[in-house]
Amino acid sequence: MEYFIQQLVNGLTLGSIYGLIAIGYTMVYGIIGMINFAHGDIFMVGAFIALATFLALVTLGFASLPLILLIVIIVAMMFTSAWGWTVERLAYRPLRGSFRLAPLITAIGMSIVLQNFVQITQGARVKPLPPQIQGGVTLMQGSTENGTIVVQLSYMQMIIIATTLVLMTGFSLLISRTSLGRAQRACEQDAKMAALVGVNVDRTISLTFVMGAALAAVAGFMFLLLYGVIDFYIGFLAGVKAFTAAVLGGIGSLPGAMLGGILIGLIEVMWSGYFTVEYKDVAAFSILAIVLIFLPSGLLGRPEVEKV
Amino acid sequence: MAAGMPANGRVDRNAIGESLKDAAVAAGLAAILGFFFLALRTDIATGGLELTTRWQLYFLAVAIVFAGRMVLNVLVFRTERPVTKTILSASSAFGARLGALGGWAGRILFVFAVLLPFFLSYFFPQQQRQYIDLAILIMTYIMLGWGLNIVVGLAGLLDLGYVAFYAVGAYSFALLAQFFHLGFWTALPLAGILAAFWGVILGFPVLRLRGDYLAIVTLAFGEIIRIVLLNWYTFTNGPDGISGIPKPTFFGLQLARGEGSFADFFGIEYAPIHRFIYLYYIIFLLAIVTNLVTIRLRRLPVGRAWEALREDEIACRSLGINTRNTKLTAFAIGAMFGGFAGSFFATRQGFISPESFTFIESATILAIVVLGGLGSQIGVVIASVVLIGGLEVLRNLDFLREIFGAGFDPTRYRMLIFGLAMVLIMVWKPRGLVASREPTAVLKEKKKIGADMVAQGEGH
């Protein structure tokens, strides 16, 4: 029981990270109907920017950890947004209105470019960061024949879950209350009509990419804190899993992306905890296939109507 | 990295001033993007990570972006007579001509490919082995490209996990040789059948999906197969791979030194190069078979159904075409050729491990098909030569080291350039290099359809 609860906590933490990345996929898919294949690598870029900022702040002599974390999050969000914007501008915008495979190919190309750019400029070796936030609270204690098991909620997990909650709330408000969010929803429903009533479609799409990248940057920083190690290749797996989360929750739906992320995180952690660690990725991939085949509109998504 | 495309196609009167402003914006963007990657670098040092600065590189990169953008503005984006216009029209004329001359260009390339080993041994006796190796590699990708072309180009099903069938073929042959001591020629059809079988198994559940969803599920299947190969240690030997895969024989004759070998039988002097030339002809034969089968299939009802499916699935269904079977045959036949290529890969390398079957391999093959022009056979050849040959040329550019200093290693930039080329070619010519798509089934006379006039069939 204690073991299960501990896994639940771990799963929620990991799931929050997947959820943050999944929002980027779901929004982009919702608005222009393409899989932004490079989004996983934007997440990786965000993690690297966060790492460099963190080190720079420590070198500059900042002592207060909460202040450092705050600055790192803001800087990473800003700079990663610039990357998201550039990728859209370079690789997707020129192909708007082209046939459907074209942006997918450039997305794969962009993914290769980002990975190799980071590998060349930052080196191929993994970057280990010692755990920065230590300690936690003990939730419950139990004893088994092998000794005692402690269910612990570390401060780091709290920070990750809390940040995700704050960002999600702010983001939902942004989408539901502001004019930008309204434009975004309008483009999602019908881009042509939105353009006719005066919505700047190109700008809205760019901002969608910027927002997705900003959330991915936070996810990247969380990933760095949680695992303490990043390399240029983390984007691929995390990207596919986050996409799975977006599909599971129903693509185009924001709460769905979060729900899907948490479910994927839980499934991955439970699978590793109770079955085999080696096949945890197979579990995630299989869920992707199963969901798409049997539940193509996801848990919270609208069924897609086929127009002739 | 260069910054965005022109804001719009308008030509400004104040061209130079606008260009300068635009180039400054681009340089500013490069400065923002590059700051954490070019100016700063994290390295592992004693006592944790260490941050080093590289201001020189950073400012150089920003300056290059400024200059590059300025040159582009002056020559291409903000002028009334952009240089690319001439290049573009020349190249599209070239593409159209290639499409029209498809038969002739194909024949010339065929003759060239047949004579290639002799040509190489005559002109480059020194680097013969290296060049033959490269030719084998390119030919393998041509074959894979043709195989995937059936699925993506003809049937319009986007498959991002094609490498799975390549892996199934390679592992089928390696395991059959290991456990049942089968030779290459006996195992080859079996590997093809097994791969086709897997094509049906993986294809069956995903038939209802279309477009991007199909792509991502096939990617997942490709990764699942790789992870299983990696972790099923007792059967596949896991990450250590399988070695000692037998070489192909020539009607039972070994291409090796000694009694009863190829050289011994024909009474010629043994040379190690014979084996490579033989391998080259095997893959050449396999590739030609793939091509001929594809060309024939296009004229059969099933091939026409594929093309109809690509153009409009709903129309297909209402015309009574069995879309399920049509898609499955495309998947199975494409997978079968992937399997053939896989077993050739196994016998050529003599060693395989899951590392050879990563996603990047699928992406490369897909890039070849799409950049070549979907459904175009000659386009696949051109794209393979450009992409794979280009990568190898880059590996051998020693003179760059003299320019950039001894520490400069061009191979590090291979994949970066590869990715950039994918993006640039796609943005430049979204329909691929050879972008003319002619209907193969015609009523009275052939009418040419400009490729960009045809919407990709996604059901709308």
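In which loop of chain B is the place of B:H181? B:H181 lies in the loop between α6 (163–180) and α7 (184–203) of chain B, where helices (H or I, at least four residues) and strands (E, at least two) are DSSP runs numbered from the N terminus. The model is predicted: local features need pLDDT of at least 70, side-chain atom pairs count only at pLDDT 80 or more, and totals for chains, interfaces and linings use all residues. Residues are numbered from 1 along each chain as its sequence is written, and chains are lettered from A and ligands numbered from 1 in the order in which they are written.

**View 1. B:H181 in its loop.** Although B:H181 is not a glycine, its phi is positive, at about 55 degrees. B:H181 counts as exposed because it has 10 C-beta neighbours inside 10 Å (buried, 20 or more other C-beta atoms within 10 Å; exposed, 12 or fewer; partly exposed, in between; C-beta atoms are placed from the backbone).

**View 2. B:N237 between α9 and β3 of chain B.** The loop holding B:N237 runs between α9 (233–236) and β3 (242–243). B:N237, a residue other than glycine, has a positive phi near 70 degrees. Its 18 C-beta neighbours inside 10 Å are why B:N237 counts as partly exposed.

**View 3. The side of chain B that touches chain A.** In chain B, 54 residues are in contact with 57 residues of chain A (C-beta atoms, placed from the backbone, within 7 Å). Elements of chain B giving two or more residues to this side include α1 (15–39), β1 (40–45), α8 (211–231) and α18 (414–428). The largest share, 13 residues, comes from α8(B). By class, this side of chain B has 39 nonpolar, 9 polar and 6 charged residues (nonpolar: Ala, Val, Leu, Ile, Met, Phe, Trp, Tyr, Cys and Pro; charged: Asp, Glu, Lys and Arg; polar: the others, Gly among them).

Definitions and conventions
Two residues are in contact if their C-beta atoms, placed from the backbone, lie within 7 Å.
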